[in-house]
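The sequence and structure are shown first.

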Amino acid sequence: MVVSMVTDSDLGTALPYRPCVGIALIAPSGGVFVGRRKKGAGSEHVAGPHMWQMPQGGIDPGEDPEAAARRELYEETNVPPEALKLLAEIPEWLAYDLPPAVVKQAWKGRYRGQTQKWFAYGFLGSEDVIDVLNPGGGADKPEFDAWRWAQFAELPDLIVPFKRPVYEGVVAAFSGLDRWSAQP
């Protein structure tokens, strides 16, 4: 008789990835939007210098990833779709696994991590439309309690360590876009 045991570390690899989008919002001056995650924002986040991240979020069933990116950006930052210029999309999906201790806590234990489709948008609006405390026109719960513009090179050091390879891929793919121009 063969007995198969599933350990906690095996549990995560048996689960699917959550489909998600990620957004690099780039100011004409070259900075990239990062928001500081609110305390208690989720078990997959840690305190200290790793509380900063670019907007990201799940894709609804049947939703186009680019439409999801615009929606998520509005729901997290209040930046409306008309204030965006699509600059680039990473063709492949980038994935990360949650640490085993977090798998059971995040997303009700249904996913091992996320697979993300990343988009870079040029920001065409005025900074006063960015409102992380009242996102989605005040209809959505805030995920961030502060925001700032960061440089591409510093992004991997701002994110939780298990997401760092994804951020390194985003930085590599979007390098040079920090010099985009808002002019047609």
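The model is predicted: local features need pLDDT of at least 70, side-chain atom pairs count only at pLDDT 80 or more, and totals for chains, interfaces and linings use all residues. Residues are numbered from 1 along each chain as its sequence is written, and side-chain values use heavy atoms, with hydrogens and water left out.

**Overall fold**

Five helices and eight strands are found in the protein chain; helices (H or I, at least four residues) and strands (E, at least two) are DSSP runs, numbered from the N terminus. Their order along the sequence is α-β-β-β-β-α-β-β-α-β-β-α-α. Of the 184 residues in the protein chain, 46% are buried, where buried means under 20% relative accessible area, exposed over 50%, and partly exposed in between (1.4 Å probe, protein chains only). A contact is a pair with heavy atoms within 4.5 Å. Among contacts between residues at least 6 apart in sequence, 74% join residues at least 24 apart.

**Confidence**

The predictor's confidence in each residue, pLDDT, runs from 0 to 100. Its mean over the protein chain is 88, and 86% of the residues reach 70 or more.

| Helix | Residues | Mean pLDDT |
|---|---|---|
| α1 (lowest) | 8-14 | 57 |
| α2 (highest) | 65-77 | 98 |

Over residues 1-9 the pLDDT is below 50, and this stretch has three contacts in the model beyond near neighbours in sequence.

**Helix α2**

The 13 residues of α2 reach 18 Å from the first C-alpha to the last, close to the 18 Å expected at 1.5 Å a residue; the expected span is 1.5 Å times one less than the number of residues. Buried residues in α2 include A68, A69, L73 and T77. The cover over the buried residues of α2 includes β1 (17-26), β2, β4 (56-58), β5 (84-89), β7 (113-123) and β8.

**Aromatic rings**

Rings of Phe, Tyr and Trp (its six-membered ring) pair if their centres lie within 6.5 Å; planes under 30 degrees apart count as stacked, over 60 as edge-to-face and the rest as tilted. The count by this rule is eight aromatic pairs. F33 and W147 form a stacked pair, at 5.5 Å centre to centre with 15° between the planes. Because F33 lies in strand β2 (residues 32-37) and W147 in strand β8 (residues 144-150), this pair ties together parts that are 114 residues apart in sequence. F33 is buried, at 0% relative accessible area, whereas W147 is partly exposed at 25%. Ring pairs also link F33, F123, F144, W147 and W149 into a cluster.
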